[in-house]
Amino acid sequence: MNLDRPATENATTTYTPFPGGRRLRLAVFISGGGRSLKNLLERSAAGRLQADVAIVLSSSPEAGGLAYAREANVPSQSFVRKDFAITE
């Protein structure tokens with residue numbers, strides 16, 4: 001499978017690396033506003049990304065990006081880092 005993109009490709013070009021219309025399922029990790037998550041969701045919905053966001057994981061329950069997950073009906077989960085601290 002050749003994943004090389006043409007040098008002239010721009011943001012409006014549809015890129016299809018997977019045969020048969022298969023789509024990747026993504027887990028997206030966020031810690032803040034979620035701008036990258038929003039971009040992935042928008043491109044997926046527009047058909048410009050052959051992937052679906054399957055779950056969003058956050059290091060903060062207050063991360064603003066969790067709102068994008070809710071709006072897109074994508075399951076999400078927050079993990080508070082200190083709850084997983086290693087003590088020896």
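Predicted model: local features only at pLDDT ≥ 70, side-chain atom pairs only at ≥ 80, totals over all residues.

Let's start at strand S2, which covers residues 51-58. It belongs to an open sheet of three strands, in the order S1-S2-S3, with parallel pairing. S1 and S3 (76-78) stand at the edges, and each has a single partner strand, so one side of each is left without a neighbour in the sheet. Neighbouring strands are turned against each other by 25° on average, ignoring direction. Between S2 and S3, the parallel pairing runs over three bridges.

Now pick out Val56, which stands opposite Ser76 in S3. Which residues does Val56 touch, leaving aside its neighbours within four places in sequence? They are Val28, Ile30, Leu37, Leu66, Ala69, Val74, Pro75, Ser76 and Gln77.

Several of those names come back in the largest nonpolar core, which has 10 residues: Val28, Ile30, Leu37, Leu41, Val53, Val56, Ala63, Leu66, Ala69 and Val74. Two or more of these residues come from each of four elements: strand S1 (24-30), helix H1, strand S2 and helix H2 (66-71). There is a general pattern to recall here: in soluble globular proteins, nonpolar side chains tend to be buried together.

Helix H1 deserves a stop of its own. It spans residues 35-45 and packs on the sheet, where it touches S1 and S2. The direction of H1 makes about 160° with that of S2. Look for Ser44 in this helix. Is Ser44 buried or exposed? Its relative accessible area is 13%, and buried means under 20%, so Ser44 counts as buried. Beyond residues up to four places away in sequence, Ser44 touches Arg23, Leu49, Ala51 and Asp52.

Two of those contacts, Arg23 and Asp52, also meet each other: their side chains form a salt bridge, at 2.9 Å from N to O. Asp52 lies in strand S2 and Arg23 in the segment before S1, so this pair ties together parts that are 29 residues apart in sequence. Asp52 is partly exposed, at 32% relative accessibility, and Arg23 is also partly exposed, at 35%.

How many salt bridges does the structure hold? There are two. Besides the Asp52 and Arg23 pair, Glu42 forms one with Lys38, and here the closest N and O atoms are 3.8 Å apart.

One last stop lies on the way into S3. Asn73 sits in the loop between H2 and S3. Its phi is positive, at about 55°, although Asn73 is not a glycine. With 69% relative accessibility, Asn73 counts as exposed.

Definitions and conventions:
Residues numbered from 1 in each chain as written. Heavy atoms only, no water. Buried < 20%, exposed > 50% of the residue type's maximum accessible area, 1.4 Å probe, protein only. Contact = heavy atoms within 4.5 Å. Core = buried A, V, L, I, M, F, W, Y, C linked by side-chain atoms within 4.5 Å. Pairing = 2+ DSSP bridges. Axes fitted to C-alpha atoms, helices over the stretch in contact; angles between N-to-C directions. Salt bridge = Lys/Arg side-chain N within 4 Å of Asp/Glu carboxyl O.
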